[in-house]
Amino acid sequence: MPTAAKSSRLRRLPGKPAPRLPPRPAIAAPWSLRAVQGTQILELAPLKKFPWLVHGFSTRAGGASILNSGEQVLNLGFTDWDQRENVLKNRKAFQAAIGATGSPLVLLQQFHSAIALFLAAPPMEPRKGDASFTNSRGMLLGVQTADCVPILLVDPKKRAVAAIHAGWRGTLARIAEKTVGEMRKHFGSNPAHILAALGPAIGRCCYEVGTELVSEFTSQFADAAEYFDELRTGEEPNPLQWLNMMPPGHQPLPKNVRLDLRKANRSQLLAAGLRDANIFVSNLCTACHTGLFFSYRQAGAKSGRLFSVVGLRQAELSSS
Ligand SMILES: [Zn+2]
């Protein structure tokens, strides 16, 4: 018989351990959380002002998926631990919450590539790629993440949108920059007009990667040193080097460094011609705020998936 953990001071129903979640982070403008019937959607004010646009970033709360802890969550990805019908129910609830019930939702088979696909209509067969873009109405473009950076692009002049999934591989392969280039090619977008929203993702605080990524990034990006925390080559003076037995210049390289994926993508968007003032980066870390988001780093295979979606409405919202 399972017994309640003695250490817990929370009262709870038998068999339903109270989930112990970290406190909710403060959400700072221009980002805001909107609660809709048990779900909470993260939105960006500069995108909300367009009556022809729909967008939203999902969060963990609510939903039909049940974790071992008993917590009910809005898992939007088909994972091994969850049931298909729960995920479909959650997707429906999410679309209702962002006001896009019934709109075809287009998700790609993401594989950490730099493939950006132009979609004039929802594809008949599943397509592989990590970014999609369109200027067709009535279609929702989405990416699934649990730590990777979700990026939504909106060109208000040409009324075109893109959704991008950027993990470290996609970032290294310049998926954000490429997608902006594709928007220029297909829609004649001027990058200076494009707005970018970089949603919740694993932050520099929590994203430890192997040092081999430092050389991967520094070989590709002039400002790559700024993406990493405590980057040391082993050559610089180390005030503590007398503590180990190695002579100067023979310090072991650090095994891990911390990578700021959002900064890397922001830099890429600037390089692609976006204006600094048009790039909005959420400071919410998925791994720090596991009460609000899903984090693969924190939960592994048991992690849920978040959605970030954008689309042109079939009919504009009336201003009344
Ligand atoms: Zn963090």
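1. A term to start with: two strands pair if DSSP finds at least two bridges between them. Helices (H or I, at least four residues) and strands (E, at least two) are themselves DSSP runs, numbered from the N terminus. What you are looking at is a predicted model, where local features need pLDDT of at least 70 and side-chain atom pairs count only at pLDDT 80 or more, while totals for chains, interfaces and linings use all residues. Residue numbers start from 1 along each chain, as its sequence is written.

2. Now the overview. The protein chain has seven helices and 17 strands. Of its 320 residues, 40% count as buried; that label needs 20 or more other C-beta atoms within 10 Å of the residue's own, exposed means 12 or fewer, partly exposed is in between, and C-beta atoms are placed from the backbone. Call two residues in contact if their C-beta atoms, again placed from the backbone, lie within 7 Å. Among contacts in the protein chain between residues at least 6 apart in sequence, 66% join residues at least 24 apart.

3. Have a look at the open sheet of three strands, ordered E13-E15-E14 with antiparallel pairing. Strand E13 (208-210) and strand E14 (228-229) stand at the edges with a single partner strand each, so one side of each has no neighbour in the sheet. E14 and strand E15 (residues 256-259) run antiparallel and are joined by two bridges; here Asp229 stands opposite Arg258 in E15. Helix H5 (residues 212-220) packs on this sheet and touches E13, E14 and E15, its direction making about 85° with that of E13. For such angles, axes are lines fitted to C-alpha atoms (for helices, over the stretch in contact), and the values run from 0 to 180 degrees between N-to-C directions.

4. Next comes an open sheet of six strands, in the order E7-E8-E11-E10-E12-E16, and its pairing is mixed. At the edges are strand E7 (116-118) and strand E16 (279-281); each has a single partner strand, so one side of each is left without a neighbour in the sheet. On average, neighbouring strands of this sheet are turned by 15° against each other, direction ignored. Strand E10 (residues 149-155) pairs with E12 in the antiparallel sense over four bridges, and Leu152 has Ala197 in E12 as its bridge partner. H4 packs on the sheet, touching E7, strand E8 (131-134), E10 and strand E11 (160-166), and its direction makes about 160° with that of E11.

5. The loop between helix H4 (175-187) and strand E12 (195-198) holds Asn190. Why does Asn190 count as partly exposed? Because it has 13 C-beta neighbours inside 10 Å. The C-alpha atoms of Asn190 and Asp155 are 8.1 Å apart, although 35 residues separate the two along the chain.

6. Strand E3 (residues 53-58) is worth a look too: six of its six residues are buried. E3 pairs with strand E2 (residues 39-44) in the antiparallel sense over two bridges, with Ile41 opposite Ser58. Five bridges join E3 to strand E17 (residues 306-312), also running antiparallel, and Phe57 has Ser308 in E17 as its bridge partner.

7. Last, helix H6 (residues 261-271) is mostly covered, with eight of its 11 residues buried. Among them are Leu261, Ala264 and Leu269, along with Arg262 and Arg266. After H6 comes Gly273, which has a positive phi, near 110°.
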